Amino acid sequence: MKTGLNEQVFKKILDSLQTGKKEYVRISSAHLSGISYLNIGDAGLEFLEDLSRSGLRFKVKTTINPGCVDFDTPMECDPKVFEKQKKIVDSLKAIGAIESLTCTPYLFDNVVKKGQKIAWAESSAVLYANSIIGAYTNKEGSLTALASAILGYTAKSGIHRGKGRRPKIFFEHRGELNDELDYGLLGYAMGLRAGAKIPYLRLTNTRNLYPAYLKQLLASFGTSGGAPLIWIEGVTPGFSKVRKPRRKIVLDKHELESVKETLSEELPSNPNGKIVFITGCPHYSIEEIENLNEALKNVRKLSVEAWVFTSRTVYLEALRRGLSENMSEKGVRLFKDSCVMYCSLKRSDACIITNSVKAAYYLRNSFRLRTVLKSFNEFVNTYGVG
Amino acid sequence: MFLRVKVVNEGVAKGPLLISSQPISFFGGVDLETGIVVEKNHPLEGKSVSKKILVLPSGKGSTVGSYVVYGLAKKGTAPSGIIMGKVDSIISAGAILAGIPLAIADIRKICSFFKDGEVIVLDAKRGRLYRETLKEYGLSPNIFFEASNTFSRYSGKV
């Protein structure tokens, strides 16, 4: 087969997904998913290598999702996996990608503004960009985001048209949302109910409306639902002008509890593998790492390992502020370049405790691991010593 | 006699028809080397999509499926043509990358018109699907395409 990778091929991919008139919008930023070798495998690696040899280059600022290894700790995973992950990143760099290796590009590596038209894959980042920042991006697939990065424009469909932004389902949450896990469960429950519809969300209690918690809400919504945006009352730019659907669906703590049961089980009393607490899905911001340190202040040590995943940029900042040293003394490890779908967890028999609904979903369904959902504070209360 | 199909990716392909009543996930569901469907309990489990005209309602599962379609084509084990019930962003995108002729059609119609395993021609240039009728005369593929196109054009009018 001749590798006919050229702009025409990528334009054809965008065209094939547009019904009716083919129209485009210029984009100024792209973010790619499908970076992890555990995800795209040899098929993806070969394709990206072909692409890097094709002469095509990204036309806009392009960042990439995490891989499955931390490039500073090669001994932890299969050397073959490590090497292939490196090849994937090298190919993408050759095409012009920024080696961001994060699912939170909006924090540093690919900062976007309100009203900016972009083509992002990675559902949690898409939802954050649209719902919190007020940028415009569809939930691009790995390949359509890649095509848009190469072409510098994307299909004028979905969210890029006024009609495609309207909320079609109205949720009201009544009661307390106490921690990041509650927000995550709410997002997951909403996604199950909404399907591909864009929701409008009213929270009757906004006491805990922190960015870190909203991140959990959006990431888990992106896991179970198809829409690229949630209109969050009081948060999303322009929320007051949008016309709300008439019928309201009320969500309460019973709904959240029943969702939790599907992703969380009791820890076995005698687990075969090790127990690991995993957080940083989506990647932690520096504020979240500061908060984590604060929460560990009165704890001498943790009785199980805790792994925190973040971007390179935040990792370096945490080093600079002396946070990672403090954390490692207490048994917390800081990872970069990878997400929770980390190489050494695949085919392991580890039991995972996590505060991220999205992480629980994928570690359970994709890595077939036992998962337990606990908020960070719950975790510290159970496993903190001294 | 031919069936009209909507062209997504141009090209002409020939091969035995392989009809899947269920969507296929190429990532995880199809072996990257051989093109054999490995998804447990899938109607096509154990069958190879290689060099077939694959008919399926839609794609499913991971979007990495696009790269698998591309990878199969590089190894020569991809379907020679694909007909889907609707465009998806996984298989159709992969077929475009790989240069595999792809069309959209009413799957039920295909099932009532052709038999599974029958050698057919997908003309994703003119948007036609027809039986290979001239094979027994041992004509070269090029002559064959020309001849059957003429044939089908004529039949289409009638």
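This is a predicted model: local features need pLDDT of at least 70, side-chain atom pairs count only at pLDDT 80 or more; totals for chains, interfaces and linings use all residues.
I count two residues as in contact if their C-beta atoms, placed from the backbone, lie within 7 Å.

**Where the chains meet.** I looked up the contact of chain A with chain B first. Chain A puts in 19 residues and chain B puts in 20 residues. I then checked which elements of chain A give two or more residues to that side, and got helix H1 (7-16), helix H2 (37-53) and helix H5 (142-151). H2(A) supplies the largest share, 7 residues. Sorted by class, the side of chain A that touches chain B holds 8 nonpolar, 8 polar and 3 charged residues.

**Domains of chain A.** I found three entries here: domain 1 (7-161), domain 2 (166-262) and domain 3 (264-385). Over C-alpha atoms, the centres of domain 1 and domain 3 of chain A are 26 Å apart. Their contact draws 21 residues from domain 1 of chain A and 17 residues from domain 3 of chain A.

**Chain A overall.** I noted 13 helices and 16 strands in chain A. Along the principal axes, its C-alpha atoms fill a box of roughly 65 × 55 × 35 Å. How does the radius of gyration of chain A sit against that of a compact globule? It agrees, because a compact globule of 386 residues would come out near 21 Å and chain A has 21 Å.

**Packing.** Buried residues account for 50% of the 386 in chain A. I also looked at contacts in chain A between residues at least 6 apart in sequence: 81% of them join residues at least 24 apart.

Note on methods. Residues are numbered from 1 along each chain as its sequence is written. Chains are lettered from A and ligands numbered from 1 in the order in which they are written. Helices (H or I, at least four residues) and strands (E, at least two) are DSSP runs, numbered from the N terminus. Ala, Val, Leu, Ile, Met, Phe, Trp, Tyr, Cys and Pro count as nonpolar, Asp, Glu, Lys and Arg as charged, and the others, Gly among them, as polar. Domain bounds come from an automatic or database domain assignment. The radius of gyration is taken over C-alpha atoms; the globule rule is 2.2 Å times the number of residues to the power 0.38. A residue is buried if 20 or more other C-beta atoms lie within 10 Å of its own, exposed if 12 or fewer, and partly exposed in between; C-beta atoms are placed from the backbone.
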